Amino acid sequence: MVIRENSLTSSVSLSCEPIASADDYALCRRIMQRASKNYSFASRFLPRDKRPHVEALYALMRVGDDRVDVSHSGFASPLDAIEDWERTYWSAFEKGTSSDPVMRAYLDTALKFGIPPETMSTYFWAMKTDLVVRRFPTFVDLWHYMEGSAIPVGRAMTYILGTRPPYQVHHALPAADSLAVAMQLSNFWRDVWQDWNEMGRIYIPLEDMERFGYTPDDLAQRRINRAWRDLLEFEISRTEAYYRLARPGVAMLASGRWGVMTGLEVYRAILPAIRRNGYDVFGRRAGTSHMHKVLLMMKAGWQVLVSRPLPLRAES
């Protein structure tokens, strides 16, 4: 699709009429609270005026995800359902409004913070990929998928929260990409059995499974052996590296640093929980208690207080 950015935004940028109502945003909040305890917890520590917009972003993506994985009620197939959501998205930017309350809230958010419409192009591609792709031969293939399933979230969040001088949004995007990837990888490793058992998907790259001598049949049989522990430890270590790359970017943000760092710590806590469970992601869910999340929130607050952004390099 060729995105005509100017034509998509000019027709609505001149209007002073509110696009979304308080009820629209309230619906987005309910969607997020029902779907994600971790995301909802971390969002409490974002600035009050930014929370509705983060909730709108989450709801936009959750609606699409649920149309693919949960229910395509009202449509002939999951593909029809996600393509309808994609048409609704582009129509909202063309017309400056939408009949869907979640889409109105996201449109209002995107225009308020200057999130380019094409930010979500790869997201819709990834949702359609979920319908046909069940395996990822290499990590490069998985990364390509996450360019749609995860990275748009981090980038939109960066626009919403802004950056503080001398940084601009493009300076913070590499760290935002790393955080989005790290959080999704954490979910992948936690949800290995759920993804396989309910949807037949394996997000562990096949090249990694082959390297450690663990097969899809082993996965189907829920085998926890040396090969499995070494494989999952390799993926956990890889994920930790992305969290390290993400940390310096938090200090570049103009607002919401405490909330973002809390999110980083809460999702990162999935990894040691998997280790504590003996790498058993088949019968034990790697989660964190509310008290542990509170401690992580306090840790995040301290990290924000003492952290400094990396020096800005001169651009050639």
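Which residues are linked with Asp65 in a network of salt bridges?

1. Arg62 and Asp66 join Asp65 in that network. A salt bridge here is a side-chain nitrogen of Lys or Arg within 4 Å of a carboxyl oxygen of Asp or Glu, and the structure holds 21 of them.

2. A word on the basis: this is a predicted model, where local features need pLDDT of at least 70, side-chain atom pairs count only at pLDDT 80 or more, and totals for chains, interfaces and linings use all residues. Residues are numbered from 1 along each chain as its sequence is written, and side-chain values use heavy atoms, with hydrogens and water left out.

3. Take Arg201 and Asp69 next: their side chains meet in a salt bridge at 2.6 Å, N to O. Arg201 sits in the loop between H11 and helix H12 (206-212) and Asp69 in helix H4, so the pair ties together parts 132 residues apart in sequence. Helices are DSSP runs of H or I, at least four residues, numbered from the N terminus.

4. Is Arg201 buried or exposed? Arg201 is buried, with a relative accessible area of 4%, while Asp69 counts as partly exposed at 26% relative accessibility. (Buried means under 20% relative accessible area, exposed over 50%, partly exposed in between, with a 1.4 Å probe and protein chains only.)

5. Then there's Arg238, which forms a salt bridge with Glu235, the closest N and O atoms being 3.1 Å apart. Both lie in helix H14 (residues 226-250), 3 residues apart, about one turn of the helix. Arg238 and Glu235 are both buried.

Key: Helix = DSSP H or I, 4+ residues; strand = E, 2+ residues; numbered from the N terminus.
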